[in-house]
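Here is a short report on selected local features. Look first at the sequence and the model, then read on.

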Amino acid sequence: MNERIFLSAPHMGGEEINFIKHAFDENWIAPLGPNVNGFEEDIQKYNNIPYAAALSSGTAAIHLALIILGVKKDDVVMASSFTFSATINPIVYQLAEPVLIDSEKETWNMDPNLLEQSIKDYIAKGKKPKAIIFVHLYGMPGKIEEVKAISEKYEIPLIEDAAEALGSKLNGKPLGTFGDFGVYSFNGNKIITTSGGGALVSQNKDWIDKARFLATQARDVAPHYQHSEIGYNYRMSNIAAGIGRGQMKVLNKWIENRRSNHDFYEKELKSLGFDFLHEIDGAFSNRWLTCVLFNQDMEKEPEELRQELEKYNIETRPLWKPMHLQPIFKESKAYLSGVSEILFQKGLCLPSSSSLTDEQKNMVIEKIKDFCK
């Protein structure tokens with residue numbers, strides 16, 4: 001059996017160990033330290049945004065954003081349905097109500113028209129939404145400019161979930177910097193990793209200061225331990241941030257590799273009946289994952305291909321199962337177009353690691369072509 005070909009494996013660049021070693025040499029093993037400060041500065045500089053808080057996960061970042069925006073019990077939050085549950089769970093942490101918005105066909109991300117319709121409906125009921133959470137899936141820029149205009153029109157704060165989209169841009173502007181808050185993830189399968197971790201960014205200094213305060217157990221300024229608010233253990237460690245500092249140095253290279261993966265797959269597979277997700281005007285995707293859709297003329301199904309590739313130790317995965325189809329959110333209000341359900345039924349994510357070798361890519365292509373014969 002060949003060595004496993006992963007969907008999206010961590011990929012170290014080599015300099016991570018220097019930052020970790022420095023932390024050990026200086027005995028900065030405690031949760032905070034110079035690597036955390038440095039990593040936050042790296043994120044700020046890379047994304048051209050003034051304030052960032054390095055946190056334990058992207059989920060923590062969304063949760064803190066909701067708290068800072070004052071989302072409470074029975075409030076309404078509009079959110080993408082076609083996403084991972086980590087986007088929606090923090091809404092429930094706050095005992096608020098998620099309203100799930102379906103995707104549009106061009107980018108697979110939240111449909112601005114459905115979003116505006118949902119907002120109008122809830123305002124008419126006397127229940128103005130407290131926030132919008134918009135997700136950029138698979139590194140592909142969504143129609144964030146339209147969504148931003150809607151958020152401003154109705155004066156509803158926008159949380160931009162760019163967990164999968166670090167390094168992606170729309171009209172030259174980094175994703176994660178359009179919203180009132182931006183969220184990144186550094187989980188092990190993301191384009192860069194800190195083994196686990198995330199970041200919350202904003203143009204608002206007070207908000208990021210508040211996020212750091214809440215993320216360190218909301219400890220008041222006092223010589224003793226004093227707490228006036230509920231806090232969380234959400235800060236990134238100095239060791240994890242050291243990994244992140246090294247990863248930032250290779251981020252652009254890893255993006256180049258993943259975009260190359262996508263181009264290779266499309267060139268080799270498009271003639272077989274697979275459809276690919278393309279960038280809209282002005283978009284630059286980091287191509288975190290390359291995804292294919294089985295078009296209407298194909299007799300076989302994505303699950304058949306997934307199982308076939310698994311026989312050769314090749315990891316693939318269905319596209320996200322929409323949140324409105326998840327058992328835990330089946331009672332949630334949803335505004336649907338049917339797009340995300342088709343994507344879930346007809347889509348598959350292919351191995352997309354930035355460390356993929358030509359030999360591995362050729363093997364994936366060979367097995368897919370054999371399957372299609």
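Predicted model: local features only at pLDDT ≥ 70, side-chain atom pairs only at ≥ 80, totals over all residues.

**Aromatic pairs**

The structure holds 9 aromatic pairs. One of them joins Phe 181 and Trp 207. Their ring centres are 4.7 Å apart and their planes meet at 20 degrees, so this pair is stacked. Phe 181 belongs to strand β8 (residues 181-185), and Trp 207 belongs to helix α7 (residues 205-215). The pair therefore ties together parts that are 26 residues apart in sequence. The two partners fall into separate accessibility classes. Phe 181 is buried, because its relative accessibility is 0%.

**Charges over rings**

| Lysine | Ring | Distance to ring centre |
|---|---|---|
| Lys 125 | Tyr 122 | 4.1 Å |
| Lys 173 | Phe 178 | 5.4 Å |

Lys 125 lies over the face of Tyr 122. For Lys 173, the charged end sits over the ring of Phe 178.

**Around Glu 145**

Glu 145 sits in helix α6 (residues 144-153). With neighbours within four places in sequence set aside, Glu 145 is in contact with Leu 170, Asn 171 and Phe 178. The side chains of Glu 145 and Asn 171 are joined by a polar contact of 3.0 Å. Glu 145 and Phe 178 are 33 residues apart in sequence, yet their C-alpha atoms are 7.6 Å apart in space. Glu 145 is partly exposed, because its relative accessible area is 40%.

**Positive phi values**

Which loop holds Asn 48? Asn 48 is in the loop between α2 (34-47) and β1 (51-55). Its phi is near 55 degrees, a positive value in a residue other than glycine. Asn 48 is exposed, with a relative accessible area of 66%.

Glu 155 also has a phi near 55 degrees, and Glu 155 is not a glycine either. Glu 155 is placed in the loop between α6 and β5 (158-161). Its relative accessibility is 62%, so Glu 155 counts as exposed.

Definitions and conventions:
Residues numbered from 1 in each chain as written. Heavy atoms only, no water. Helix = DSSP H or I, 4+ residues; strand = E, 2+ residues; numbered from the N terminus. Buried < 20%, exposed > 50% of the residue type's maximum accessible area, 1.4 Å probe, protein only. Contact = heavy atoms within 4.5 Å. Polar contact = N/O pair within 3.5 Å; in protein donor to acceptor, adjacent residues only side chain to side chain. Phe/Tyr/Trp six-rings, centres within 6.5 Å; stacked < 30°, edge-to-face > 60°. Lys NZ or Arg CZ within 6 Å of the ring centre and 35° of its normal.
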